[in-house]
Amino acid sequence: MTKNNAKAYWKENIRYLFILLTIWFVVSYGAGILFKDALNNIKMGGFKLGFWFAQQGSIYVFVVLIFVYVRLMNKLDKKYGYDE
C-alpha cells in the first residue's frame, strides 16, 4: 500500500463516519427533541412518535447504522486492498 492509498482510505472512512453520525444526530436530537411536538401528532404502537424516537427510535437507528458502517467498511477494505 502506498501512502496516498492510505490517506485516501482514511479520508473516505472519516467521510462515512461523519455522514452516519450526522444521520444519527438528526434522528436522535432532531426527531427526539426539536421535532418532537410535530411528531407527537402521529401515534405508533399506541405511543406518540416523538416519544418513541426519543426513547427507542434513536437506538434502533444507531444499531442499523452500525450494520451500514460494517458493510461500507467491507467495501472500502476491498477497494483499497485491506480485505483478507
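**View 1. The bend of helix α3 at Gln 56.** In this predicted model, helix α3 bends by about 50 degrees, and the residue at which the bend falls is Gln 56. Gln 56 itself lies in helix α3, and with a relative accessible area of 36% this residue counts as partly exposed.

**View 2. The packing of α1 with α3.** Helix α1 covers residues 3-34 and helix α3 covers residues 49-80. The two helices pack with their axes 8 Å apart and at an angle of about 170 degrees; because an angle over 145 degrees counts as roughly antiparallel, α1 is described as roughly antiparallel to α3. The residues that take part in the contact of α1 with α3 divide into 20 nonpolar, six polar and three charged.

**View 3. The largest nonpolar core.** Six residues make up the largest nonpolar core of the model, namely Val 27, Ala 31, Leu 39, Leu 49, Trp 52 and Phe 53. Helices α1 and α3 each supply at least two residues of this core, and the largest share, three residues, comes from α3. Apart from this core lies another one, of five residues, among them Tyr 9, Tyr 16, Met 73 and Leu 76. As a general background to such views, nonpolar side chains in soluble globular proteins tend to be buried together.

**View 4. The surroundings of Ala 31.** When residues up to four places away in sequence are not counted, Ala 31 touches Val 26, Lys 36, Leu 39, Gly 50 and Phe 53.

**View 5. The buried residues of α3 and the end of the helix.** The buried residues of α3 are Leu 49, Gly 50, Trp 52, Phe 53, Gly 57, Ser 58, Leu 65, Met 73, Leu 76, Asp 77 and Tyr 80. What covers these buried residues includes helix α1, helix α2 (36-39) and the strands β1 (43-44) and β2 (47-48). Just after α3, Gly 81 takes a positive phi of about 80 degrees.

View 6. Trp 10 and Trp 52 are 42 residues apart in sequence, and their C-alpha atoms are 35 Å apart in space. Leu 17 also lies in helix α1, but at 31% relative accessibility Leu 17 counts as partly exposed. Leu 17 and Gly 45 are 28 residues apart in sequence, and the distance between them in space is 32 Å, C-alpha to C-alpha.

Technical notes: Residues numbered from 1 in each chain as written. Predicted model: local features only at pLDDT ≥ 70, side-chain atom pairs only at ≥ 80, totals over all residues. Heavy atoms only, no water. Core = buried A, V, L, I, M, F, W, Y, C linked by side-chain atoms within 4.5 Å. Buried < 20%, exposed > 50% of the residue type's maximum accessible area, 1.4 Å probe, protein only. Helix = DSSP H or I, 4+ residues; strand = E, 2+ residues; numbered from the N terminus. Contact = heavy atoms within 4.5 Å. Axes fitted to C-alpha atoms, helices over the stretch in contact; angles between N-to-C directions. Parallel < 35°, antiparallel > 145°, perpendicular 65-115°, else oblique. Nonpolar A, V, L, I, M, F, W, Y, C, P; charged D, E, K, R; others polar. Bend = angle between axes of the 7 residues up to and from the residue.
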